[in-house]
2 protein chains.
Amino acid sequence: MKRLRLSMAAAGFCIAAALTGADQPSRDPSHNDGPHFDANGELLLPANYREWVFLSSGLGMNYGPLAAEAGDGNPRFDNVFASPAAYRYFLDTGRWPDKTLLLLEVRAAQSKGSINNGGHFQSDLVGVEAEVKDESRFPGKWAFFGFGRGTSGKQIPTTASCYSCHAANGAVDNTFVQFYPTLLTVAKAKGTFK
Amino acid sequence: MKRLRLSMAAAGFCIAAALTGADQPSRDPSHNDGPHFDANGELLLPANYREWVFLSSGLGMNYGPLAAEAGDGNPRFDNVFASPAAYRYFLDTGRWPDKTLLLLEVRAAQSKGSINNGGHFQSDLVGVEAEVKDESRFPGKWAFFGFGRGTSGKQIPTTASCYSCHAANGAVDNTFVQFYPTLLTVAKAKGTFK
């Protein structure tokens, strides 16, 4: 289980292992919005997710016994992106629609570099996870997937603590909107904030 | 000058004062991409900038005598967004086109909240700044604007240190691509990284 939790992060996703992909943005339009699965049930990483809507980032977040730190004691950044259609639906309703796809990208943090002499900035990709809402596909409506640095992700077993923790602590539906400041405002205005 | 530098941040913008606006996303399509100015020469804040392309974030970054901290000693987050058209041009060329608009959003950081018990996550908006490339409008091609929390921004005087520092230290053109990990990869591949 430890490999599944390099990060207990802003969105509470659990980063999976297998670091295989490349750290480069892409504009391949083939995977836009919503979840797409391959024949093995693996979730395909949207090639253009870095152009999706940024929800927020955290540094070194943790809320369990494990800290979101690399082996060298350095905290990591987490960036959360939402599919544009799901984001716009949320702005209108304060709720996530079916087929919502949220991606959690974990990156290493650097402190010394260029002219910076304090604080932390983001560097290499550590891995990506997804939280997916697909009401007809998953009995619990939501599921988590780990990509590592690859382009397709296996589902994280439903026995993993991310499932029970999100269900118990998500501010809106199964998600940690309490950590996404602009959506938090929307959810409170729409009366959907738990 | 101190009011102009609440943050010496990821993008090196200098956050201006006057905190007047609301902390809410918007989908007003009237200000999409590129810079728009009012009759007084003030830059209009794109209402939908939170749907623009996220470049990176930093926490507590500083590279000068002033630290990016609030009065209570808490570091702040900086999120940088690029206009989609400028971002796509950069992916193709490793350069910024004329009319590039980059926005730096500064947010307070929280450590304790909800189930999080460590690290930092983002909360209230502190202010927004812009870096604009407009070759016919500005003798130095690039200019900086401070919005505070308002919706229109005054140009920061060209005597401010952000101008000389960006010119001297920007990894690509006048910008701190050294702190934007995905664009750094592109700039190195395209041979535009200084």
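Which residues touch the most other members of the largest nonpolar core? They are A:Phe81 and B:Phe81, in a core of 84 residues. A nonpolar core here is a set of buried Ala, Val, Leu, Ile, Met, Phe, Trp, Tyr and Cys residues joined through C-beta atoms within 7 Å.

## Ground rules

Please keep in mind that this is a predicted model: local features need pLDDT of at least 70, side-chain atom pairs count only at pLDDT 80 or more, and totals for chains, interfaces and linings use all residues. Residues are numbered from 1 along each chain as its sequence is written, while chains are lettered from A and ligands numbered from 1 in the order in which they are written.

## Chain A in outline

Chain A has three helices and seven strands, and from the N terminus on they run β-β-β-α-β-β-β-β-α-α. Helices (H or I, at least four residues) and strands (E, at least two) are DSSP runs, numbered from the N terminus.

Of its 194 residues, 48% count as buried; a residue is buried if 20 or more other C-beta atoms lie within 10 Å of its own, exposed if 12 or fewer, and partly exposed in between, with C-beta atoms placed from the backbone. Among contacts in chain A between residues at least 6 apart in sequence, 59% join residues at least 24 apart. A contact requires C-beta atoms, placed from the backbone, within 7 Å.

Leaving aside residues up to four places away in sequence, A:Phe81 touches A:Tyr49, A:Trp52, A:Val53, A:Phe54, A:Leu55, A:Leu103 and A:Glu105. Another core, of six residues, lies apart from the largest one, and its members include A:Leu59, A:Phe77, B:Phe77 and B:Ala109.

## How the two chains meet

The contact takes 43 residues from chain A and 43 residues from chain B. On the chain A side, β2 (53-62), β3 (76-82), α1 (84-93), β5 and α3 (181-190) each supply at least two residues, and β2(A) gives the most, with nine residues. By class, that side has 16 nonpolar, 20 polar and seven charged residues; Ala, Val, Leu, Ile, Met, Phe, Trp, Tyr, Cys and Pro count as nonpolar, Asp, Glu, Lys and Arg as charged, and the others, Gly among them, as polar. The copies meet through the same surface, because 100% of the interface residues of chain A are also interface residues in chain B.

## Strand β5 of chain B

Strands pair if DSSP finds at least two bridges between them. β5(B) (residues 118-133) pairs in the antiparallel sense with β2(A) over three bridges; here A:Leu59 has B:His120 as its bridge partner, and A:Asn62 has B:Gly118.

Within chain B, β5(B) also pairs in the antiparallel sense with β4 (residues 101-110) over nine bridges and with β6 (residues 142-148) over six bridges. B:Leu103 stands opposite B:Ala130, and B:Glu131 has B:Phe144 as its bridge partner. Since 13 of the 16 residues of β5(B) are buried, the strand is largely enclosed by the rest of the structure.

Definitions and conventions: Two residues are in contact if their C-beta atoms, placed from the backbone, lie within 7 Å.
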